[in-house]
Amino acid sequence: MTKYKSDFLNILEQRGFIHQISDPEGLDALAAKGRISGYVGYDATATSIHIGNLISVTMLYWLQHTGHQAISLMGGGTSMVGDPSFRDDQRRLLTVEQIAANIESIKSVYSHILDYEGSNPAIMVNNADWLLKLNYVEFLRDVGKHFSVNRMLSFDSVKLRLDREQSLSFLEFNYMIMQGYDFVELNRRYGTVLQMGGSDQWGNIINGVDLSHRMDGNQLYALTTPLLTKSSGEKMGKSASGAVWLNADLFSPYDFWQYFRNTEDADVEKWLKIFTRMPLDEVARLGALGGSELNEAKKILATEVTAIVHGREAAEQAAATAQATFESGAIDLSLPTIEIASGELDAGMGLLNAMVSAGLAGSNGEARRHVQSGAVRINDTVTDDARATLDSAALLPEGVVKLSVGKKKHVLLKPV
């Protein structure tokens, strides 16, 4: 027996997306009755979004897939302020040109996940279209009067910052007002009734729900996802080399595939539900596997998610590269490759520096620990010498040096 009447909420519930809904019965009735419009907002503070954002983009996919209107809102205006939520310091302020470049870079990811054409096209909107045109005094009179400073100070995103006696600028304090106003503006322009996001955005989203009710008397809805953590308790989204970005120039399709291939056993079924579009009965079958068969399920998970983000061809190439590297022992030239100046090899490049440059370690100290533990291999030969150097004699016939840490992290150094 299903919990909800609408296909949209049933899918989100069955796949583990729902953490909080402001009015579950009301939203469910509306989505079951007809087509609704919903959105997720993304600030353009970097050239790419990351794997945490993939969860909310996937919710937009299911919204569109079940016949509703999906809106991806780009924060061209709010990015000029920066969300202070749960941060210890103020974000670096970006120029208009930097924000515009970031938005252009991010757009490519959405086109892989959402359909912006077809019979029910998704819409991409930029809040700079209205926020940058606001008259400050009028905005304060029309919108600011609906916000209680006492209530704003009570939100965890602000309260934690102040409790630590860390500065919160007046600029940042305005962010939640601007985000709340976005919801009002999208409701007026597109009839949008739903905003979705991560659980850390609950307060900001509810501000928009309340603001629309106060200004226009409309009923809007908030829906958030749980903070996803691995079974080990570690927050999902970090790799040895940093954040798991969705743009290929920041995090290669191969590294992306490997990230999901390395999923903890207990998380396989959960990630299959959330990050893939596979039927739930097949997800349950794969999640119930054990031993070496579970490793095959991890490969399926890695390939399916990589195909969604980077395309099927890139996903299959990553899988083939992994098979060639791990199962046949071959030197696969499609492994992540770092170009280095040929003069560095001629002079002798320190192993520890090479590992840091290749992203296999965050510091010389971490690299040394890997070496001392016997986890480091040069051209598939284990080395325990932290003072080792790489020179032209280390080059393989393919013209590269293969550096490895453990069984799953490999990088090719290519002199140019």
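Mentor: Let's go through the sheet, then some salt bridges, then one arginine. This is a predicted model, where local features need pLDDT of at least 70 and side-chain atom pairs count only at pLDDT 80 or more, while totals for chains, interfaces and linings use all residues. Residues are numbered from 1 along each chain as its sequence is written, and side-chain values use heavy atoms, with hydrogens and water left out.

Trainee: In what order do the strands of the open sheet run?

Mentor: Strands (E, at least two residues) and helices (H or I, at least four) are DSSP runs, numbered from the N terminus. Two strands pair if DSSP finds at least two bridges between them. Here, six strands make an open sheet in the order 1-6-5-2-3-4, with mixed pairing. Strand 1 (20-21) and strand 4 (123-126) stand at the edges with a single partner strand each, so one side of each has no neighbour in the sheet.

Trainee: In which sense do strand 5 and strand 6 pair?

Mentor: Parallel: strand 5 (residues 194-198) and strand 6 (residues 221-225) share five bridges. Met196, for instance, has Leu223 in strand 6 as its bridge partner.

Trainee: And how do I spot a salt bridge?

Mentor: Look for a side-chain nitrogen of Lys or Arg within 4 Å of a carboxyl oxygen of Asp or Glu. That rule gives eight salt bridges here. In one of them, Asp265 and Lys298 bring their closest N and O atoms to 2.5 Å. This pair links distant parts of the chain, 33 residues apart: Asp265 is in the loop between helix 12 (253-261) and helix 13 (268-275), and Lys298 is in helix 15 (residues 291-310).

Trainee: Is Lys298 buried or exposed?

Mentor: Buried means under 20% relative accessible area, exposed over 50%, and partly exposed in between (1.4 Å probe, protein chains only). Lys298 has 7%, so it's buried. In another salt bridge, Lys270 meets Asp267 at 3.9 Å, N to O; Lys270 is partly exposed at 32%, whereas Asp267 is buried at 0%.

Trainee: What does the side chain of Arg377 have 2.9 Å from one of its polar atoms?

Mentor: The backbone oxygen of Gly406. Arg377 lies in strand 11 (residues 376-378) and is buried, at 18% relative accessible area. Contact means heavy atoms within 4.5 Å; beyond its neighbours within four places in sequence, Arg377 has contacts including Val382, Leu403 and His410.

Note on methods
A polar contact is a pair of N or O atoms within 3.5 Å; within protein, one must be able to donate a hydrogen and the other to accept it, and residues adjacent in sequence count only if both atoms are side-chain atoms.
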